[in-house]
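Trainee: I would like to learn how to read cavities in a model. Can you take me through one?

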Amino acid sequence: MKDHPLMTTELTLIDPGTGTVAGPLTSLTGEEITATTRLLAEGGHTTASTRFAYVGLVEPHKSEVLAFRAGTGGRPDRIARALLLDTATGDSLDARVNLTAGTIDTIPVDPAHGQLPILIEEFSAIDPIVRASEDWVAALDRRGLSAEEVVTAPLSPGHYDNPGEEGKRIIRVFAFQFTDPTDHPWAHPVDGLCAYVDVIAQSVIEVIDNELLPVPEEPSKFHLPEGRPAPLEGLKPIEISQPEGPSFRVAGDHVEWANWSLDLGFDAREGLILSNIAFADPDHDGEVRPVLYRASIAEMVVPYGDPAPTRYWQNYFDTGEYIFGRFANSLTLGCDCLGEIRYFDVTLADEFGNPQTIANGICLHEEDFGTLWKHTDLFVEGVSEVRRQRRLVISFFTTVGNYDYGFYWYLYLDGRIECEAKLTGILFPSAYKGMEEWPYATEVAPGVGAPFHQHLFSARLDMMVDGVVNVVREVDAARVPVSDANPWGNAFTFTSTTIASESEGARDADASVGRVWHIDSTERVNRLGNPTGYVLHAEQGPTLLADPSSSVHRRATFTTKQVWVSAYDPEERYPAGDLVNQNPGGDGLPAYMAADRNLDGADLVVWHTFGLTHFPRPEDWPVMPVDYAGFKLLPYGFFDRNPALNVPSNASAHCAPAGGADSCCGGH
């Protein structure tokens with residue numbers, strides 16, 4: 001990538017300690033992580049058995065950040081949050097370390113309200129624990145296997161009233177046959193068997209040996225030539241070239257591209273965070289107008305639909321239980337990202353509180369996206385205009401066990417914003433028992449079942465459409481019956497419902513009426529006298545399919561509605577609540593919105609549940625082609641007219657007929 005001069009902006013400042021551009025929402029640096037760990041140790045809050053389950057920035061209140069950016073307030077204190085687990089005792093601590101003042105506030109974690117996230121260290125600790133269990137070894141022996149012939153998959157337990165689990169840190173365990181180091185163990189599930197482990201006591205509470213099922217034998221070596229067909233021939237190279245370099249400019253975590261500006265951040269729990277998203281309006285002398293204060297994927301859950309005694313508990317909150325940002329991939333040019341790429345390294349804390357860097361954790365690039373607008377006129381001679389659409393792409397990929405997830409945010413020249421989740425990796429397998437006997441899985445390879453499941457994401461959209469005072473209106477298409485006003489029956493219109501308070505804030509999508517949600521300013525109108533706004537086109541797929549009486553329904557209530565609208569509170573960041581692991585339910589959005597705060601002309605947050613309901617196909621095995629889920633935000637009256645009229649024509653050597661480039665791409 002070519003080097004380009006750093007831009008300057010009044011919205012950021014140079015940190016004299018590091019020489020980098022920093023703002024109030026800048027992610028914790030390595031130096032700040034080290035200082036957090038040191039202060040906690042000096043305060044006597046850590047021991048040799050302490051592990052850091054999470055370290056992240058405590059974001060200042062929005063009012064403080066906006067005052068600082070406007071020059072009317074001081075720089076907010078830098079505060080780090082650390083979730084500490086004593087692996088010897090199971091005691092947990094929620095610590096907030098004020099790095100500016102050098103002070104610490106701590107709160108003990110009550111396990112009745114949830115455990116800290118699962119540690120990476122606990123993954124490797126499980127195998128020797130189950131191997132020491134006589135019941136586990138005997139169950140494997142019944143299947144003709146030894147403990148040395150299997151690997152274990154430690155998994156989050158959910159919350160159930162199982163005997164002996166109350167107040168304990170639990171992990172549930174499956175086994176997979178693994179006798180060939182070149183063969184993926186996912187292809188060989190040892191089904192009908194599960195162990196429940198008390199991680200702190202390092203003991204097996206219970207072994208569920210439900211039924212003997214054959215272990216599938218077909219190997220899975222798709223990563224090797226022997227596991228794939230002969231290479232496909234005839235594909236020619238595709239090279240993306242920008243001879244003058246990319247159009248974006250970067251200063252620290254601040255990015256500007258075309259009319260867009262935004263700041264990038266990364267959190268171990270949420271992954272990629274976009275903040276301060278604004279658009280410079282070409283029809284208002286380049287006025288920088290805010291759209292979103294902050295956007296992230298605040299939670300995701302994968303509930304499985306297999307009710308077997310060994311599998312009913314399978315529902316994984318990859319954000320809250322596993323802290324999926326820490327598994328971000330180091331992206332590779334030409335494989336993960338194509339073109340003129342700008343990578344950003346990600347700095348997170350490891351479980352000992354030391355900073356660790358994930359090189360190339362975030363990818364930034366721009367790409368062509370077909371036609372932006374076009375018209376050939378029948379009346380005005382010589383008018384044939386076309387412009388090319390582009391989008392700025394900000395993305396990262398994370399691998400959580402068997403699945404790989406990419407999260408892509410797109411900003412377009414015409415003011416639209418999109419978020420897209422890309423799902424790939426390996427299906428979580430079972431032994432296949434036949435559709436008549438067990439109609440909860442697809443056979444994807446001989447003897448290999450893939451249980452039905454969902455992938456449900458929650459996007460937290462802290463809206464700021466032309467300021468912090470907004471309102472949400474639910475808009476439906478409406479048929480108009482035949483009447484004196486509609487004698488021919490062709491009319492249709494729309495209805496608009498204002499979401500006035502949080503008691504009305506949980507909303508269902510409805511594709512039959514094309515339901516959308518307008519997020520409007522209550523303080524600004526466009527030249528036509530209408531509120532400036534953006535409209536959320538939400539995904540229309542199924543919400544959570546588990547029964548309302550189920551544990552996962554209580555714990556993932558956010559997945560039961562496509563849209564939630566709540567009042568802004570900086571402490572309300574996670575739709576399933578703060579401590580998700582072994583949480584009994586009721587936290588998160590239902591608790592946040594119980595206050596029934598005003599939403600009409602308020603500082604508000606829109607939460608959108610989107611995702612996939614997955615009935616796996618044989619084509620999804622042995623590795624799944626990417627599937628997609630997402631949503632879009634479109635300007636609706638935000639601009640006075642098409643904001644992309646100033647995009648220049650794209651005449652080039654690739655678009656030059658005999659009449660000249662202008663006659664191809666519209667240079668009039």
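Trainee: How many nonpolar, polar and charged residues does the lining of the largest cavity have?

Mentor: Classes come first: Ala, Val, Leu, Ile, Met, Phe, Trp, Tyr, Cys and Pro count as nonpolar, Asp, Glu, Lys and Arg as charged, and the others, Gly among them, as polar. Here the lining has 11 nonpolar, five polar and six charged residues. This is a predicted model: local features need pLDDT of at least 70, side-chain atom pairs need 80 or more, and totals for chains, interfaces and linings use all residues. Residues are numbered from 1 along each chain as its sequence is written, and side-chain values use heavy atoms, without hydrogens and water.

Trainee: What is a cavity, and how many are there of 30 Å³ or more?

Mentor: On a 1 Å grid over the protein atoms alone, a cavity is a set of points where a 1.4 Å probe fits but cannot get out; lining residues have an atom within 4 Å of a point. Points are joined across faces, edges and corners, and a volume is the space filled by probe spheres set on them. The count is five cavities of 30 Å³ or more. The largest holds about 200 Å³.

Trainee: Which residues are closest to the centre of the largest cavity?

Mentor: Ser27, Leu57, Phe266, Asp267 and Ile273, out of 22 lining residues.

Trainee: Which element gives the largest share of that lining?

Mentor: Strands are DSSP runs (E, at least two residues), numbered from the N terminus. E13 gives the largest share, five residues.

Trainee: What is the volume of the second largest cavity?

Mentor: About 90 Å³. Its 16 lining residues include Asp191, Asp306, Ala431, Lys433 and Trp438, the closest to its centre.

Terms used:
1 Å grid on protein atoms, 1.4 Å probe; cavity = no way out; pocket = protein on both sides within 12 Å on 5 of 7 lines; lining within 4 Å. Helix = DSSP H or I, 4+ residues; strand = E, 2+ residues; numbered from the N terminus.
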